[in-house]
Amino acid sequence: MKFSSYKAKPLKGTPVIPGDKSISHRALMFGGIAIGETVIHGLLEGEDVIHTADAMRAMGADITCDDQGVWHCHGVGIGGLQEPENILEMGNSGTSTRLLMGLVGGHSMTATFSGDASLTKRPMNRVITPLKMMGAKVMSHEGGTLPLTMTGSEDTLPIEYKLPIASAQVKSCVMLAGLSAMGKTSVIEETPTRDHTENMLRAFGVPVEVEDLKDGTQKISVTGQKDLKGTTVHVPSDPSSAAFPTVAALIVEGSEIEMKNILMNDRRNGIYMTLIEMGANIEFKNERIESGEKVADLIVRGTGNLKGIGVPASRVPSMIDEFPILAVAAALANGTTTMTGLAELRVKESDRLLMMYKGLKACGVNLEMGEESLTIHGTGDAPNGGATVETALDHRIAMSFLVLGMATKEPVTIDDAAPIKTSFPNFIDLMNDLGGSMMLKNG
Ligand code: S3P
């Protein structure tokens, strides 16, 4: 599925951005182990989230979608999941895999996880290590990659675990296994990462303690064997997905778009802070709390005056998925943008540092890549484009280069648009409705 993106008209409209991926995964998992019914409005129906729904069903949860698009879960209770008969196929989804491994770790059953050519390269030792400390047995390749088979423990041990890397997936995995443990499980994090697991557990009636420690770290604790109570979840729109039309509107002069109900959790909004520092015209309206999360309506205007900046490394966790699209904004900005502390980008759906470096270079952008950094020298002029870019099964690389093509002199082609379905199934139609010109490339 090769797609080309041609120069866009000024973008106009009020696109509806799909539901947040992180919150959608968690709503299905918590709904699947809660007592009573959980009703989910606005669930992201992307392939990654559907893998979570299928896996929860395979382990005994009753999960359905009605004809209004509202999802209903009837959970099995803490400790109530059943051993799946077949391999749990996780597709491209690291979040499904690592969080579900936490749930399986807290049940005395055996499950095998597998995934696509991208997921089977991604590191799982980061979750295998704490899960083994909690009593799980895991059989995997030496490097800790999928496919792997694990057996959870009947008596899950509560642990205190200091995260060796800033990762919400690892934090959530340990907390999910901790839901089955006798006693208190704690995770200590040096840098705050997204806290949707904490927020949503509270919404399901399970207390989560957060303690600021003297050394500046934070300890997050949950006491196991407490029932989750089914609830209603309203999933806000995904700020990571909204970042693509946002940058598109910023780099196509004369654009004005409005996106409602975008999640504005402080641990997720780093891209918006960064774009504003670069001179972006983004207005936040109607800031409010919905289902325990901060949301706002965003108006983005393309005034064509982005400038290069240094992005503080401390901001990386709050925009960990947004560096590919930030690199596109930087390529169109005037001046140099430096991004540091990006080691984790090498182990996402692809090596995102390398894929952005190679693709931008092929499109005529002047940039340098370090082991953990990217430096982009924008001139304020549109780069040439005109290349076919490799996307390596990575939805965010694919969408970033389609956005780039909206502003380059020559169209940009991507080798495969199929992975976009994992997180933003209607991306191409939505962008074309706004004024984009993205089309299938034959041959
Ligand atoms: C996610 C956490 C992040 C992020 C991923 C979703 C989550 O991964 O990149 O897209 O929902 O917890 P890490 O925790 O590995 O940084």
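Select Thr422 first, and display with it Lys21, Gly46, Glu47, Asp48, Asn92 and His395, the residues that Thr422 touches once those up to four places away in sequence are set aside, contact here meaning heavy atoms within 4.5 Å. The model is a predicted one, in which local features need pLDDT of at least 70 and side-chain atom pairs count only at pLDDT 80 or more, while totals for chains, interfaces and linings use all residues. Residues are numbered from 1 along each chain as its sequence is written, and side-chain values use heavy atoms, with hydrogens and water left out.

Thr422 is found in the loop between strand E23 (412–414) and helix H12 (427–434); helices (H or I, at least four residues) and strands (E, at least two) are DSSP runs, numbered from the N terminus. Thr422 is buried, with a relative accessible area of 3%, where buried means under 20% relative accessible area, exposed over 50%, and partly exposed in between (1.4 Å probe, protein chains only). Its side chain reaches the backbone oxygen of Pro419 at 2.8 Å.

Next, colour the chain by its domain assignment, which gives domain 1 (3–19 + 237–440) and domain 2 (21–234), the bounds coming from an automatic or database domain assignment. The centres of the two domains, taken over C-alpha atoms, are separated by 29 Å, and the contact takes 25 residues from domain 1 and 32 residues from domain 2. Between domain 1 and domain 2 the buried area is about 2,200 Å², of which carbon and sulfur atoms give 47%; buried area is the accessible area (1.4 Å probe) that two parts lose on being put together, summed over both. On the domain 1 side, select Arg267, Glu349 and Thr422, which lose the most area to domain 2 and together account for 28% of what that side buries.

Now show the side chains of Lys421 and Glu47, which meet in a salt bridge (3.9 Å, N to O), that is, a side-chain nitrogen of Lys or Arg within 4 Å of a carboxyl oxygen of Asp or Glu. Six salt bridges are counted between domain 1 and domain 2.

Move to Asp394, in the loop between strand E22 (388–389) and helix H11 (395–405), where a relative accessibility of 0% makes Asp394 count as buried. The side chain of Asp394 makes a polar contact with the side chain of Arg352 (2.9 Å); such a contact is a pair of N or O atoms within 3.5 Å, and within protein one must be able to donate a hydrogen and the other to accept it, while residues adjacent in sequence count only if both atoms are side-chain atoms. Leaving aside neighbours within four places in sequence, Asp394 is in contact with Glu349, Ser350, Arg352 and Pro419.

Because 10 of the 10 residues of H9 are buried, the helix is largely enclosed by the rest of the structure.

End at Lys219 in strand E13 (residues 218–223), which counts as buried at 17% relative accessibility. The side chain of Lys219 makes a polar contact with the side chain of Glu160 (3.1 Å).
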